[in-house]
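Please study the sequence and the structure before reading each solution.

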Amino acid sequence: MNKSENMKIGFLIFPGFPMACLTSMIEPLRAANEIAGKTSFTWSLVSETGARVTSSAQVIFEADHALNSDLDVDALFLLSSPLAQPDDPRRAYGALRAMDRHGVILGGVSGGVFPLARAGLMQGHRCSVHWCYEAAFRAEFPEIAAMDEVIVTDGRRYTVSGAAAAFDLALHLIQDALGAEIAHEVACWFQHPLVRGEGVRQRIPLPTSDHQGLPTLVVNAVDLFAARLETPISVAEVAETLGVTPRQIERAFKKATGQNPTQFYRAMRMKAARQLVHYSKDTMAQIATSVGYTTQTPLLAHYKAAFGVTPQEDRKAINAFRVNRDVPVPSL
């Protein structure tokens with residue numbers, strides 16, 4: 001990471017960007033400057049044209065700069081919803097690629113990894129992708145290594161999964177520039193109890209009040225389910241892989257989650273399908289294939305049972321947010 005006296009950070013914000021991700025990086029950097037008694041970090045807001053940008057919370061932010069290849073920053077972090085597209089992709093992506101050639105660190109926070117990948121800047125790099133966007137990201141960029149870790153740094157690419165992970169990344173920048181003691185004090189200021197680093201996996205919500213108390217058998221079975229969304233695996237196959245009986249898996253899931261493993265697995269597939277409905281342009285047939293169905297019919301039935309609407313109705317509702325970019329799409 002940057003070793004200069006003052007690290008200059010730019011935040012490239014797109015309409016509908018998650019405001020929490022921005023403040024989660026700026027606030028610890030501001031606190032570090034105060035604690036150290038010197039300006040070790042400066043930051044600025046960047047938009048494609050220099051115009052104001054409305055966040056997902058409907059709060060308006062004034063940009064300091066327009067996106068240009070000659071921006072005076074050491075690092076530029078992109079913040080956006082997964083479907084963010086520049087008004088002039090050729091110029092905007094060209095500027096980002098030029099900044100890369102000049103040695104600028106480029107990063108994506110939550111959905112910000114999508115425009116970074118669309119600019120062709122994640123080829124050959126690993127990246128962190130929020131679990132809620134994973135299916136959509138893999139569908140659009142199958143050649144890019146999408147990781148379920150909260151922070152991934154790969155060369156001059158820094159990607160984090162969400163707002164809490166952005167705070168962790170800021171603490172690492174602080175530790176690198178000012179030392180562990182100040183980074184620890186900043187964490188204490190904000191009552192941030194655990195500083196996560198690379199290799200830490202994202203916590204995926206499960207239907208139980210005690211996520212950490214899930215038995216190893218259930219956790220291992222969930223991992224196998226997650227790896228086989230497109231080509232479903234049977235409970236019997238999971239049991240054989242884990243060296244137990246199907247009945248043991250049934251009992252473990254029922255006790256830990258209140259569901260049998262088949263129901264749990266279907267819920268995982270429906271969540272992946274909903275990501276593709278919301279954050280991709282795939283057809284219903286393509287979505288059905290992506291989550292392990294040979295036809296659309298069972299997808300439509302299971303989707304409506306899970307969410308109360310058909311995939312088409314769900315996509316139509318979410319698209320209402322995107323009309324002429326008047327209202328930003330909800331993002332994380």
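**Exercise 1.** Determine which helices the buried residues of α7 pack against.

*Solution.* The buried residues of α7 pack against α8 (235-242), α9 (246-257) and α10. Here, helices (H or I, at least four residues) and strands (E, at least two) are DSSP runs, numbered from the N terminus. Contact means heavy atoms within 4.5 Å. The model is predicted: local features need pLDDT of at least 70, side-chain atom pairs count only at pLDDT 80 or more, and totals for chains, interfaces and linings use all residues. Residues are numbered from 1 along each chain as its sequence is written, and side-chain values use heavy atoms, with hydrogens and water left out.

**Exercise 2.** Identify the buried residues of α7 and state how they are arranged about its axis.

*Solution.* Step 1: V218, A221, V222 and F225 are buried in α7, where buried means under 20% relative accessible area, exposed over 50% and partly exposed in between (1.4 Å probe, protein chains only). Step 2: seen down the axis of α7, these buried residues fall within an arc of 105 degrees, so they line one face of the helix; the arc is that of the directions from the helix axis to the C-beta atoms. Step 3: the face turned away from the buried side of α7 carries the exposed residues T216 and A227.

**Exercise 3.** Describe how α7 and α9 are placed relative to each other.

*Solution.* Step 1: the axes of α7 and α9 come within 9 Å and cross at roughly 100 degrees. Axes are lines fitted to C-alpha atoms, for helices over the stretch in contact, and angles run from 0 to 180 degrees between N-to-C directions. Step 3: on α7, the contact is made by L217, V218, A221, V222 and F225, and on α9 by Q248, I249, A252, F253 and A256.

**Exercise 4.** Is H125 buried or exposed, and which residues does it contact beyond its neighbours within four places in sequence?

*Solution.* Step 1: H125 is found in the loop between α3 (113-118) and β8 (126-128). Step 2: H125 counts as buried because its relative accessibility is 19%. Step 3: leaving aside neighbours within four places in sequence, H125 is in contact with I144, A145, D154 and R157.

**Exercise 5.** State what share of the residues in the protein is buried.

*Solution.* Of the 332 residues in the protein, 48% are buried.
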